[in-house]
Amino acid sequence: MARDSIVVLGAGIIGINVALELSKRGYGDHITVVAQHMPGDQSINYTSPWAGANFSAISGNDANALRWDQGGYLTIWAMIEAGGPEAKYLKKTPSTEYFDVEPDSNKIASMKKYLKDLVILPPSSLPQGVKFGITFTTITINAPAHCAHLVALLKSQGYGSIPFQRRRVASVQDAFLSSNTRVVFNCVGGAASKLVNDAKSYPTRGQVLLVKAPQVTQSIMRHGRDYETYVIPRPNSGGNVILGGYMQKGNSSPDVYADETESILARTRELLPALGEPQTELLAAAAGLRPSREGGARVEAESLADGKLVVHNYGAGGTGYQAGMGMANDAVDRAVSALAALRTKAKL
């Protein structure tokens, strides 16, 4: 196999997770990652750095979403338990989640199977307007540091010395870098609406605040009928916390709005009064576009001419960090035969 036998298109958390999964399965020496945006970039079209990045019940209720959530949670949990380098910016964190509308029964049943320390709160303990609540041990992630750290690991010899090429492509076909390229993993997020003409893809705008609040040691969220409020500490960040937020379907504005900042501050202080203490310092406000998709994320293999294969893996919306490893496992599984054929050919 050649260095570009396998190409991962996209270097957000979804593409990075696919590269990591491929490396763990022994393909690190044969991967090239191609992306317009890389960790460290700041662009409205590169959402990963501004994610709250924890595990929550924000995802859908369909079988795929539930399976990817479980796979993602258990994989990341295992990383922390193993104590390896991949866990540097991951942390087990106590979490409380409130719901203004009771979650689907399938979702509750699924969460009961695997979430650590899960407790369903008695109705008498819930804030006004809340219909359902849980506590459990979540996993919080320092999003920008985690992405940059994983890329550094993937570039190292132990993971296959994977090259990351900054390049903008006009089509998925452009990701077949040479005649050696046989498998492309399409992890382009919101760009799928144009790159593969997916009419189901759309942006969901969010605005978040980065604050320094070392007194915050828990994650807390409230899932409203038409809003999301959340407080998510970032591990190994010196006390930084992400506050949010908004879920504005179809809105692609890159602007940051003062009234939204004030709303986030008010809602999060009500949810967690400790944020009102004097040491809380507002560091930045940012907008990002979640790469959403009607009907949920697309993880699907598409066979092309000459035995080439594209595995689509995009549309995770706001669940890329929590479901990403579950999606990566599914995506690589869909290419098992093509990957095995590459190995067989290399031995001939």
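In which helix does N106 lie? N106 belongs to helix 3, which covers residues 105-114; helices here are DSSP runs of H or I with at least four residues, strands are runs of E with at least two, and both are numbered from the N terminus. The model is a predicted one, in which local features need pLDDT of at least 70 and side-chain atom pairs count only at pLDDT 80 or more, while totals for chains, interfaces and linings use all residues. Residues are numbered from 1 along each chain as its sequence is written, and side-chain values use heavy atoms, with hydrogens and water left out.

N106 is partly exposed, at a relative accessible area of 48%. On this scale, buried means under 20% relative accessible area, exposed means over 50%, and partly exposed lies in between, with a 1.4 Å probe and protein chains only. The C-alpha atom of N106 is 6.8 Å from that of N61, although 45 residues separate the two along the chain.

The overall architecture comprises eight helices and 15 strands. The C-alpha trace spans about 65 × 40 × 40 Å along its principal axes. The radius of gyration is 20 Å, in agreement with the value near 20 Å for a compact globule of 348 residues; this radius is taken over C-alpha atoms, and the globule rule is 2.2 Å times the number of residues to the power 0.38. Of the 348 residues, 56% are buried. Among contacts with a separation of 6 or more, 77% join residues 24 or more positions apart, a contact being heavy atoms within 4.5 Å.

The protein exposes about 14800 Å², of which carbon and sulfur atoms supply 49%; accessible areas come from the Shrake-Rupley method with a 1.4 Å probe, and for residues only the protein chains shown count as cover. The mean positions of the 35 positive and 30 negative charges are 5 Å apart. Lys and Arg count as positive and Asp and Glu as negative, without His and the chain ends, and each charge is placed at NZ of Lys, CZ of Arg, CG of Asp or CD of Glu.

Strand 3, residues 90-99, contains L90. L90 is buried, at 8% relative accessibility. Leaving aside residues up to four places away in sequence, L90 touches I76, M79, I80, I139, T140, I141, H146 and P235. The C-alpha atoms of L90 and V208, 118 residues apart along the chain, are separated by 20 Å.

Most residues other than glycine have a negative phi, and most peptide bonds are trans. A53 has a positive phi near 65°; A53 sits in the loop between strand 2 (31-35) and helix 2 (63-82) and is buried, at 7% relative accessible area. N197 likewise has a positive phi, of about 55°, and is placed in the loop between helix 5 (192-195) and strand 8 (201-212). N197 is exposed, with a relative accessible area of 65%. The peptide bond from G244 to G245 is cis, with omega near 0°, and G245 is found in the loop between strand 11 (240-244) and strand 12 (248-249).

A disulfide is a pair of cysteine sulfur atoms within 2.5 Å, and the whole structure has zero disulfides. C147 is buried at 2% relative accessible area, and C187 is buried at 6%.
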